[in-house]
Amino acid sequence: MGKTLTEKIIENHFVSGSLKAGEEVNIKIDQTLTQDATGTMVYLQFEAMDIARVQTELSVSYVDHNTQQADFKNMDDHNFLQSFAKKYGVYFSRPGNGICHQVHLEAFGIPGKTLLGSDSHTPTGGGIGMLAIGAGGLDVACAMAGAPFSIVMPHVIGVHLTGKLNPMCSSKDVILKLLQLETVKGGVGKVYEYFGKGVETLRVPQRATITNMGAELGATSSLFPSDNITREFMKLQGREKEWRELAADNGCTYSKVIEINLSEIEPMIAQPHMPDRVVAVREIEGKKINQALIGSCTNSSINDLGVTADILDSKTVHENVSLGIAPGSKQVFENAIDAGIIKRLVRSGARILESTCGPCIGMGFAPSSGGVTIRTINRNFKGRSGTADAEVYLASPKTAAASALFGVITDPRKVKISPKDYSEFTKPDISMIIPPAAEAEAKNLEIQRGPNIKPCPKASPAENTFEAKILIKTKDNITTDHIMPAGAKVLPYRSNIPEIAKYTFEAVDPAFYNNAKNAGKGVIIGGENYGQGSSREHAALAPMYLGVKAVVVKSFARIHKANLINFGIAPLTFKDAADYGVISEDDLIFFPSFIDDIKKGNEVVAVNKTTGKEMVFLHDLTEKSIDILLEGGMLNYTKKSIT
């Protein structure tokens with residue numbers, strides 16, 4: 001029987017476990033990446049394991065999130081990251097060099113390799129045939145230490161592409177269409193694998209846009225085959241020798257096949273405040289906007305900038321619109337200058353921003369109060385832009401540029417141009433990537449630590465009998481932004497858990513921090529798809545620090561569930577869905593035999609001491625996950641296993 005590309009790569013990296021879909025499998029990780037919003041904690045955790053050198057083929061530390069230097073905190077973290085990388089064998093991408101996913105695709109991605117990143121959009125690498133997976137930082141730290149990575153063997157969904165995109169339609173419209181079909185929780189436990197004649201019509205940056213936003217489906221990863229289109233991309237990057245052809249076998253079996261005719265795709269747009277609230281642009285055309293942003297790891301290649309310049313050529317951005325352009329990397333920025341793109345954009349009235357994540361996570365270029373902004377980013381969660389009451393729409397660069405020109409959401413097919421291909425201007429540039437020191441030299445290097453960098457707190461081993469207060473009860477689709485917000489105010493404390501913990505659930509319940517501190521031990525109650533969005537482990541690490549022992553919900557998003565286990569918090573679900581309706585904030589929950597229950601089966605008994613009602617919660621933890629949970633988290637577990 002033929003195999004999917006996903007199955008081939010996993011089998012080639014198999015360490016232990018089961019290759020049956022839905023069961024746990026442990027795989028070898030070839031490469032890791034971190035970014036500065038998560039990386040500082042990753043490397044503090046790695047240090048705590050007392051390992052002299054990273055054990056992967058390649059690890060890279062990127063600075064792309066917190067580049068604003070309003071005070072010492074971000075710069076101190078950057079110095080820490082650079083000195084750590086030099087000492088422990090990690091490549092360091094300097095501030096200004098670009099967004100991790102864009103740069104990694106350009107400089108390091110290799111077809112057939114496994115990549116684990118402490119950022120949920122790591123699956124961007126699937127655009128060149130990597131099995132690239134986003135994970136919590138502690139999982140990345142353990143992979144750097146040489147430990148295998150545990151995942152649930154995914155169901156592989158085949159996406160059969162036929163036809164060819166029309167000139168003013170984009171690969172962004174393809175992934176938005178898929179989100180419309182599958183929803184933000186439709187991809188949990190799945191990999192989306194693209195195949196068919198339509199694949200041959202998409203260049204690597206277009207493919208990477210699709211795999212990047214597969215994260216919004218909740219998918220483990222997404223990937224395209226590695227073919228001659230991939231080879232041409234790697235040749236432009238000066239890395240043709242690292243290319244190899246990879247594809248699914250003819251006749252392989254997918255769990256499900258989704259048919260998409262690219263010729264029938266039209267411009268699509270996601271409405272506030274969720275990436276799957278997708279409609280055709282023509283359905284909401286004419287809505288006034290105040291701001292437009294073209295950039296982010298999803299849409300910031302040279303052709304994304306080039307088509308924007310083509311649409312705006314010899315014209316001026318609408319007087320009521322502020323247009324920001326954020327090239328995805330220093331390389332893209334330089335190449336766009338050489339191609340004359342930047343000059344035309346500046347002439348049109350666009351503002352050229354730094355090559356960072358920036359506005360995507362509320363770090364600058366926030367919309368006005370009550371503003372409407374159209375962006376080429378991947379998420380439009382409420383408040384993520386930095387403005388709590390702004391409306392954020394997600395669309396392609398073509399739609400965003402046309403809308404910026406006319407001041408209202410506009411179907412780009414109304415702009416009569418023929419988009420050009422600017423790939424010929426690609427010139428590789430790795431001058432801002434610093435290699436690590438040789439091992440002999442590294443032994444004598446010191447790590448630079450600023451006063452805001454604190455040790456990573458550890459959870460205590462689990463208790464068999466305890467009681468805890470219900471600290472908060474949330475609704476469906478709670479994101480990690482709800483749990484631990486990003487933005488210029490909060491992210492500088494990413495390496496200081498006692499301080500960043502003060503912002504936990506700030507947007508949902510400002511009293512959460514004080515309630516948790518006063519309670520001592522706590523439980524969080526949630527609805528469906530709890531913890532979707534960013535991979536930031538601070539959304540689990542801060543609750544652990546505040547004494548949260550369990551999270552009980554209707555269903556979990558993949559990465560956040562893993563992060564909870566990694567920090568010794570039990571991820572439980574309701575056996576009786578009706579119990580969600582009768583449990584309340586401030587109720588006191590008693591667990592009479594927590595460890596015994598976890599070990600003997602999949603049910604955990606609890607008593608609501610406030611109401612007297614006995615409840616049963618469920619878990620689907622593997623044997624390894626149980627060991628990690630009961631040990632008090634992955635850091636305790638890994639350190640114990642390697643000593």
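This is a predicted model: local features need pLDDT of at least 70, side-chain atom pairs count only at pLDDT 80 or more; totals for chains, interfaces and linings use all residues.
**Stop 1: Arg344 and Asp313**

The structure holds 36 salt bridges. Begin with Arg344 and Asp313, whose side chains meet in one of them at 3.7 Å, N to O. Colour the two surroundings separately. Arg344 belongs to helix 12, residues 341-348. Asp313 sits in the loop between helix 10 (302-312) and strand 16 (322-326). The two parts are 31 residues apart in sequence, so this pair ties them together. Which of the two is buried, and which is partly exposed? Arg344 counts as buried, at 18% relative accessibility; the cut-off for buried is under 20%. Asp313 is partly exposed, at 32%.

**Stop 2: Glu603 and Lys575**

Select Glu603 and Lys575 next. Their side chains form a salt bridge at 2.6 Å, N to O. Glu603 is in strand 26, residues 603-608. Lys575 lies in the loop between strand 24 (570-574) and helix 20 (579-582). The pair links distant parts of the chain, 28 residues apart. Glu603 is partly exposed, with 33% relative accessibility. Lys575 is partly exposed too, with a relative accessible area of 49%.

**Stop 3: Lys613 and Asp579**

Stay with helix 20 and pick Asp579, which lies in that helix. What does the Asp579 side chain meet in a salt bridge? The side chain of Lys613, at 3.5 Å, N to O. Lys613 is in the loop between strand 26 and strand 27 (614-618). This pair ties together parts 34 residues apart in sequence. Check accessibility again: Lys613 is partly exposed at 34%, whereas Asp579 is buried at 5%.

**Stop 4: a four-residue network**

Select Lys28, Asp30, Glu57 and Lys113 together. Salt bridges with shared partners join these four into one network.

**Stop 5**

Look along the strand at its side chains.

To find one of the contacts, select Ala292: its bridge partner in strand 18 is Ile374.

Finish with strand 19, residues 391-394. How many bridges join strand 19 to strand 18? There are four, again in the parallel sense. Pick Thr373 and look across to Val392 in strand 19, which stands opposite.

Methods:
Residues are numbered from 1 along each chain as its sequence is written. Side-chain values use heavy atoms; hydrogens and water are left out. Buried means under 20% relative accessible area, exposed over 50%, partly exposed in between (1.4 Å probe, protein chains only). Two strands pair if DSSP finds at least two bridges between them.
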